[in-house]
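I opened the model to go through a few local features. These are my notes, in the order I looked things up.

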Amino acid sequence: MYAKENAYLIQENLYRDRNLDLLDSIGAGVNTEFFRENMLYIRNENMVISLEKLMPTKSVFAGVGAAHLPGEHGMINMLRQRGYIVKALTSDQTDYSKTEKTKLDSLFVTPELKMHSSPDGFLSINTYDELREFSYGGQKYYLDPDMTNGAYLTINRISRFTYLPNEKENISLKDIDHLLYEDIPGDIIKKDELTTPYPGISIVNKTKKGEFQKYHIYETPLEIIIIKFAGRSDFVLKHEDKIFNSIVLRTPSDDTQLFTSPKRKFQIDFPEYYISSNMDNYGKKLVEGHKNGAYYFVEEAVLNDLTYIEEDSFEAKYFHHALYKNYKLVEAEGGFKAGDYKTYESNAILDADTNKRLYLKTIVKDGSYYLLGYVGTNEADKTAFFKSFKFNKTDYKGFEKVIDTSLHFSVNTNGKAPLPNPYNYNYNGGKKAKDYEQTISEAVYSTYANEQISISRTKFHDLQMFHNVDSLWKDLEEKVNYRARYYKAEKAFHIANRKSSKTDDNIYTNSFSYTDSASSKQVLVKNILKEGVLFELKTLVDSISGPSKFVTEFYESFTPKDTLLGKNVLTDKTKQFFEALRAKDSIVLESYGLIKFKKHNSKDIASILKDFEFDKERLEIKSYLVEQLIEIDLKNNLPFIKQLYHDSYSDPQTQTSILEGLLDSNTKESYNIALELMERDLPLGSVGSMFYNYKGKDSLELKASLFPKILEYSTIQEYKQPLYTLLAKVKDSGLVKQKTYKKYKNQLINDAKMEIKRNLGSYNNYGYNSYSHNLATYVRLIFPYRNERTAKDFFSKLLNVDDINALVKYYVLLTKAKETIPAQLTEKLINDEENQYLLLEELDASKLLGKLKSIGINQQQFAKSKLLSDANYEKEKDSIAFLFKRDFVTDKGKNAVMYFFKIDKDDEYSGKVEALHYISFIKPKDPKQLVVDYYSVSESYGTMVDKTKELEEQYTEILNLAIYKDRQRVTPTGGDGYYDY
């Protein structure tokens with residue numbers, strides 16, 4: 001059946017003939033049962049269930065695909081099984097209706113055509129409407145529909161890039177000719193050769209539906225042009241001459257003209273014979289030209305990244321590296337050129353005999369990157385071309401007032417207003433946010449000159465509070481360098497140009513800029529607060545020439561509307577909070593942390609803690625209020641806090657909160673109060689957080705003052721490990737001496753022996769945590785008593801466990817004490833390649849590694865051990881092999897070495913898999929020194945061996961990523977291995 005007729009037409013005709021059974025049989029024949037189960041049966045049942053909910057109360061009109069109707073699992077049968085009467089509504093087609101349909105099908109209106117040109121003026125043709133360009137991936141596309149007659153005209157323009165080397169031959173007319181019989185629908189009725197204005201092919205074809213189409217395909221020096229005219233019946237045959245006889249294409253020329261980009265952003269002397277792409281839209285723009293046998297191009301790529309600013313010099317040079325790598329070329333010469341903006345020029349030899357070269361020049365400015373290229377032999381022409389490029393002051397006109405009804409603001413702009421974004425963050429978990437909840441909406445305004453302004457609108461939670469507007473501005477500014485505070489590799493932005501103001505109608509404004517010292521890029525930030533709504537404007541500009549009129553006009557005219565402003569965040573909402581809490585309003589459940597309490601609120605907090613009954617889902621709020629009361633006014637509420645602690649005998653969460661609040665206060669007095677309360681009554685449950693030392697939040701010295709008294713509670717299971725862990729930390733920090741806990745020595749050793757039994761015995765079956773550091777903590781505390789009989793017994797039994805953390809800690813302490821390492825310990829750590837890495841890391845952290853004469857592990861062995869620690873590797877099933885090591889130099893000029901391994905897996909899901917794993921190190925000055933701090937490392941699954949690539953190509957890509965490890969935008973992709981700037 002499919003051999004005789006188009007598959008889609010068969011199904012359409014069966015639908016028109018109401019032959020659902022045959023339609024179902026075809027579906028069963030061409031699709032798997034799994035597909036039908038998930039795409040039909042399950043969905044059929046869901047739709048029937050939905051209908052059942054609606055039909056008892058109202059009339060329902062439901063539209064579903066025909067495939068959902070027939071068969072045992074079809075909707076018709078399902079409804080009948082549920083007791084519904086299902087009837088087909090059919091009617092006979094009369095001779096009159098057939099006649100009228102035929103008349104309508106044959107009714108055409110003479111098209112009204114007018115000469116229009118493509119945006120670059122290269123092509124002119126009679127069309128129904130102007131040629132609107134859509135550009136993507138080196139192709140331009142134009143669609144011109146004739147809605148009246150059911151016809152359409154399309155134009156495809158495909159850049160050939162014949163001037164760039166390519167492993168595959170560049171697309172040509174010959175290539176297209178070979179594909180015609182596969183890609184032209186239906187039968188080719190007529191095929192002629194075209195000679196003017198360029199070589200080409202003319203084709204007339206007839207589709208399976210009996211509709212005629214016509215194509216003209218041209219090959220120009222710069223692109224392939226495909227023009228298609230299609231319509232109903234023989235409409236095309238009657239009217240194609242008006243279109244195809246009108247075609248005018250630009251003819252070759254060796255002259256030069258001044259080319260100016262949209263809004264006069266830049267200009268350059270360029271060949272008169274040129275094509276361009278996407279010049280009248282935001283995004284990547286490309287101009288290609290040809291004269292005197294040489295090729296010219298200018299590309300503007302845009303990346304308005306507001307979160308990361310890279311060094312201009314790196315980006316200017318890296319584009320050359322990436323392009324040469326992509327085309328397997330080698331840079332022959334290169335260097336930076338003087339100018340306001342970072343500029344790099346280089347060249348690569350394409351033909352040594354003729355000295356034909358690819359010359360490149362990059363310029364980095366604001367959010368755009370400019371790549372100029374010349375392919376030819378005339379260096380003087382190249383130099384003149386490169387020198388003619390210059391920036392202008394962007395010529396922005398046509399500003400008008402725009403009211404944004406999505407984000408509720410007005411602004412004067414000539415930028416393109418965005419389409420409504422259905423994915424704004426106004427919905428939580430698939431449900432629409434409640435009126436009192438925080439919502440965030442975002443939009444981006446852009447220009448054809450590749451500038452963007454990002455706007456976010458935050459409607460705060462109704463309980464959101466700030467003590468003053470300066471605290472809000474401080475929070476927003478700190479967010480800019482949030483990552484730099486927590487990640488060592490992150491470089492902090494330089495913040496400047498701070499300015500704040502307030503209008504008479506209480507609109508608060510704060511602005512600042514941030515940049516990187518190695519870049520001319522600058523991000524301008526403007527925050528506007530009106531009652532309960534915060535607007536944030538951000539844009540990337542050039543710090544040398546300053547913001548454009550598009551930016552200044554937008555920032556200065558931006559005005560929030562009086563719509564959905566929420567509750568003022570600068571008013572005191574504590575009264576509303578307490579009222580809502582007493583009324584058990586759900587508004588407080590997730591928002592109690594937004595309330596900012598001051599000392600005068602302490603009475604209200606004490607009152608609600610005293611007489612309000614907190615249910616289970618509000619106990620976290622109670623704990624929070626307890627800690628807040630201690631923080632804002634412990635002195636005046638101490639008697640109440642003590643009484644609350646005693647009254648909460650059966651409420652360990654409240655008691656724990658009181659103790660945590662006291663210990664977080666970081667005063668000797670509050671620590672003594674905590675000890676006093678604990679002496680009278682101890683809470684059980686989750687008490688570990690009380691004794692954890694939060695870096696930067698509390699004092700380790702004060703935590704040390706709890707000892708030895710607090711060890712009285714170490715016999716209680718909930719307190720044992722938290723106290724021992726804290727004790728080990730303050731001991732190792734030199735804040736407590738060995739004698740401080742000597743009284744508890746025997747208890748410690750007995751507890752440690754029990755921990756060994758848990759590790760070795762049947763307790764393992766109940767989920768002993770192999771990642772626990774409990775045993776290592778005992779090693780640290782008991783080691784000073786290692787020569788005593790009971791401690792010797794513990795360390796002897798310790799050698800039987802497989803707790804790597806405890807064994808490594810024992811080895812390090814013995815090394816530090818310059819004592820003999822037991823052979824059994826050496827066997828487990830030195831001779832087991834999966835444990836070597838942790839031992840060496842701990843020795844290095846303790847500054848002992850360099851003092852050891854020899855440990856019998858070289859750099860390659862450490863590399864393997866470190867990889868195995870995180871690799872997806874099963875020792876019993878998989879195999880690992882060392883491949884080789886390779887030296888490289890990082891982009892910061894550091895000498896490094898990478899070790900390559902291959903893991904062979906036989907995975908039950910993926911079958912046999914080969915994965916490359918790798919780890920690199922910066923070379924030390926002493927070649928004999930072992931380095932444990934790795935520079936880069938593969939992820940747990942490594943890099944799958946790509947059978948479509950040469951292995952050497954994969955090794956090179958991996959090394960390249962290591963070279964540029966600290967460059968966020970150099971990341972692997974499915975394409976050329978690099979992020980496309």
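Predicted model: local features only at pLDDT ≥ 70, side-chain atom pairs only at ≥ 80, totals over all residues.

The entries below cover a sheet, a loop residue and the nonpolar cores.

I looked up the strand order and found an open sheet of three strands, S11-S12-S20, with antiparallel pairing. At the edges I have S11 (256-260) and S20 (390-391), each of which pairs on one side only. I then went to the contact between S11 and S12 (residues 266-271): five bridges join these antiparallel strands. For Thr260 I looked up the bridge partner in S12, and this is Gln267.

Entry on Asp651. I located Asp651 in the loop between helix H15 (619-647) and helix H16 (652-664). Is Asp651 buried or exposed? I list Asp651 as buried because its relative accessibility is 14%, and the cut-off for buried is under 20%. I also checked its side chain, which makes a polar contact with the side chain of Thr654 at 2.3 Å.

Entry on the cores. I looked up the largest nonpolar core and found 117 residues in it. The residues with the most contacts inside this core are Phe577, Leu625, Phe794 and Leu798. I asked which element gives the largest share of this core, and H15 does, with twelve residues. Another core, of 39 residues, lies apart from it; I noted Ile125, Phe297, Leu323 and Leu360 among its members.

Entry on Phe577. Leaving out residues up to four places away in sequence, I found that Phe577 touches Leu463, Val588, Tyr592, Ile595, Phe597, Ile621 and Leu625.

Methods:
Residues numbered from 1 in each chain as written. Heavy atoms only, no water. Pairing = 2+ DSSP bridges. Helix = DSSP H or I, 4+ residues; strand = E, 2+ residues; numbered from the N terminus. Buried < 20%, exposed > 50% of the residue type's maximum accessible area, 1.4 Å probe, protein only. Polar contact = N/O pair within 3.5 Å; in protein donor to acceptor, adjacent residues only side chain to side chain. Core = buried A, V, L, I, M, F, W, Y, C linked by side-chain atoms within 4.5 Å. Contact = heavy atoms within 4.5 Å.
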